[in-house]
Amino acid sequence: MGFEDIPARVASIAGVVLMLAGVIASGLASNPAKRVVAHVMCIAGGLLAGAALGAPVALLLSGAAIALAYLSVGAALTVRLSEAYESSAVEEIDAANAQADAAELQS
Amino acid sequence: MADLFETARLHSAFLCLATPIIGAAVAAASPSARLSWIVALVAAGASATFGADLAWRVLAAGGTPSTPVEGVQFALDGVGAFMAALLSACCWLAACAGGSSLRETHGRGMPWGFALMLLSLAGWIGAMLAHGLITMLISVELAWISAIGLLCLHGERERAALSGALRMLSAGAVGSALCLFGAALVFQSFGSLSLQDIAVAPAERPAMSALGFGALIVGLAFKIGAVPLHGWTPAALGPANGLSALVLGVLGMAGALGVTTRLASYAAALPATGEGLSTALAMLGGVSIVVGSLQAIGARNLRRLAAYALIAQAGGVLICIALGSPAGFAAALVQIVAMSAAGLALYGAAASAGVGALHALDGLSRRAPFVAAAMTFGAISLIGAPLTIGFLGRWRLIEAGVGAGWWWAVGAMTFASLAAVFYAGRLIERVYFRRAHSTARETRNPWRFAFYPALIAAIVVIVSGVSPGVLLRAADAAAASLGGGA
């Protein structure tokens, strides 16, 4: 392994770690906005690792466009969720859904 | 006129992709919901026609049809042509059912709904015909995000759909990240992202190529809803309306499985990559069958039951792909058709009957006998009863599995069939052998028109099982002209 490979390897490892951090954060996020940020973090991690591996510019640009799309849709969804549930907490949203499911089964 | 016809045939791959995109733009701009529905029908029907012509030329005539040198580049292989035709046909059936949503929503938001449905179809078709990994990934994301948007539209009537959409977004984002990373690894190994270059060039770094394809497959597994990556499926499909359920549960799942099949057909031929990929797919498939079947047994909502049942079916498809042989890929395609037909029958019948919870099925055979029949056909196909297409799919898998010495795959499919006897049998028992609890007269459910695609799917379920020659020849021809030459 040459010394010139080290920054690229560090960057690719950092990208993978960022991706994993994004996955974990997405699962643990307490509100939809944080979850959306975690999504973008995950995709950014994938892009960072890809860039370190020498991925073509077209792939990186495509990834950036995909990340932007997820951010836009996620932001809109976050607003819709807070309007529909009058709450921004994922736990409260899940509890409301569980209540609605139980009511449907009893009806 | 003949020249126009020949020109259209020459460009059938492009037209199969372009008509839904153009249709989506026209539908979104339509001044009325009814007009947008007609546009969606025409666009999906045109795409299905071009897809069928493309599939005929690739599969029946043999070889790869010539495509214009200039313009958009496609890579036409057997799996891509087969799946493009299937997906566009499924979308047309979903569009037929979508007309009844005009009454349910009073037309509000429906132009956007039909536009998103067509964009989702365009995305999956683009992935089937893509020349390189970049185009494939962008197409998959177009399909996925469009489906999320369609689910969000239903959020105005059913807020749980928004929660399901958020879970879909999470699954999609993680899957995308993995796919992007996987594509970068593949580029490192082959120096190209073109599928045809990957098929012929030796991998400079075989381990990296195996890791790259593995990441791509796992990224796509999020979109398939394979266990344990299926957290979004019941949350999204449970509260979905008829159109959303058909697009997500049938078009989306078949599309994701089709892309996985196509990608695996290129990877399976690579010496260092095939074995590792096979193991990963087999594990995903086996776990999906077991967990999907068990969760379907415990489901109390009809759409969630159908979702889990289709996850179990998808597990069977993954095992077929894992075999890595032409027989395995042919079996995978037959299974995908079986899964799509069963999904159309179940989701369409559920929408037509206005049924959510399972207990609402009680006495359905008296209230709506044809809907009950369509649901029954879908259910018995899930069981894999003889003379149904579900039996055909399972038989081909067992044949391919025994040929490869994969006796555990035979056991897995047997378990899936036995589990299906429980949950599908429960459906049939409620429909035919229980009385409805409520004595209220049946209201004219606006979704009753959703029955027609379900009826067509039910007919496909039976006819393909009784007379499977065309389907089997098409699947064998598709597998014989795999992209990677596996």
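The largest cavity in this predicted model has a volume of about 40 Å³, a cavity being a set of points on a 1 Å grid over the protein atoms alone where a 1.4 Å probe fits but cannot get out. Grid points are joined across faces, edges and corners, and the volume is the space filled by probe spheres set on the points. The structure holds 1 cavity of 30 Å³ or more. Its lining, meaning residues with an atom within 4 Å of a point, consists of Ser120(B), Trp124(B), Ala143(B), Trp144(B), Ala147(B), Lys223(B), Trp232(B), Leu248(B), Gly252(B) and Met253(B). Two or more of these lining residues come from each of α6, α7 (133-153) and α12 (242-267) of chain B. Helices here are DSSP runs (H or I, at least four residues), numbered from the N terminus.

Residues are numbered from 1 along each chain as its sequence is written, while chains are lettered from A and ligands numbered from 1 in the order in which they are written. As the model is predicted, local features need pLDDT of at least 70 and side-chain atom pairs count only at pLDDT 80 or more, whereas totals for chains, interfaces and linings use all residues; side-chain values use heavy atoms, with hydrogens and water left out.

Back to α7(B): this helix has 21 residues and runs 30 Å from its first C-alpha to its last, close to the 30 Å expected at 1.5 Å a residue (the expected span is 1.5 Å times one less than the number of residues). Of those 21 residues, 17 are buried, so α7(B) is largely enclosed by the rest of the structure. Buried means under 20% relative accessible area, exposed over 50%, and partly exposed in between (1.4 Å probe, protein chains only).

Helix α2 (residues 12-29) of chain B also has about the length it should: its 18 residues should span 26 Å at 1.5 Å a residue, and its end C-alpha atoms are 25 Å apart, which agrees. Among the buried residues of α2(B) are Cys16(B), Leu17(B), Ala18(B), Thr19(B) and Pro20(B). The cover over the buried residues includes α1 (2-10), α3 (33-60), α4 (78-98) and α6 (110-129) of chain B. Thr19(B) counts as buried because its relative accessibility is 16%. Beyond its neighbours within four places in sequence, Thr19(B) is in contact (heavy atoms within 4.5 Å) with Ala43(B), Ala46(B), Ser47(B) and Phe50(B).

Of its 209 residues, Phe82(B), Met83(B), Met117(B), Leu133(B) and Phe213(B) touch the most other members. Helix α8 (residues 160-190) of chain B gives the most to this core, with 20 residues. Not counting residues up to four places away in sequence, Phe82(B) touches Leu59(B), Leu333(B), Val337(B), Leu471(B), Ala474(B), Ala475(B) and Ala478(B).

Arg430(B) sits in helix α19 (residues 407-433) of chain B and, at 15% relative accessibility, counts as buried. With residues up to four places away in sequence left out, Arg430(B) touches Leu358(B), His359(B), Leu361(B), Asp362(B) and Gly363(B). Pro326(B), in helix α15 (residues 326-353) of chain B, is partly exposed, with a relative accessible area of 38%.

Key
Core = buried A, V, L, I, M, F, W, Y, C linked by side-chain atoms within 4.5 Å. 1 Å grid on protein atoms, 1.4 Å probe; cavity = no way out; pocket = protein on both sides within 12 Å on 5 of 7 lines; lining within 4 Å.
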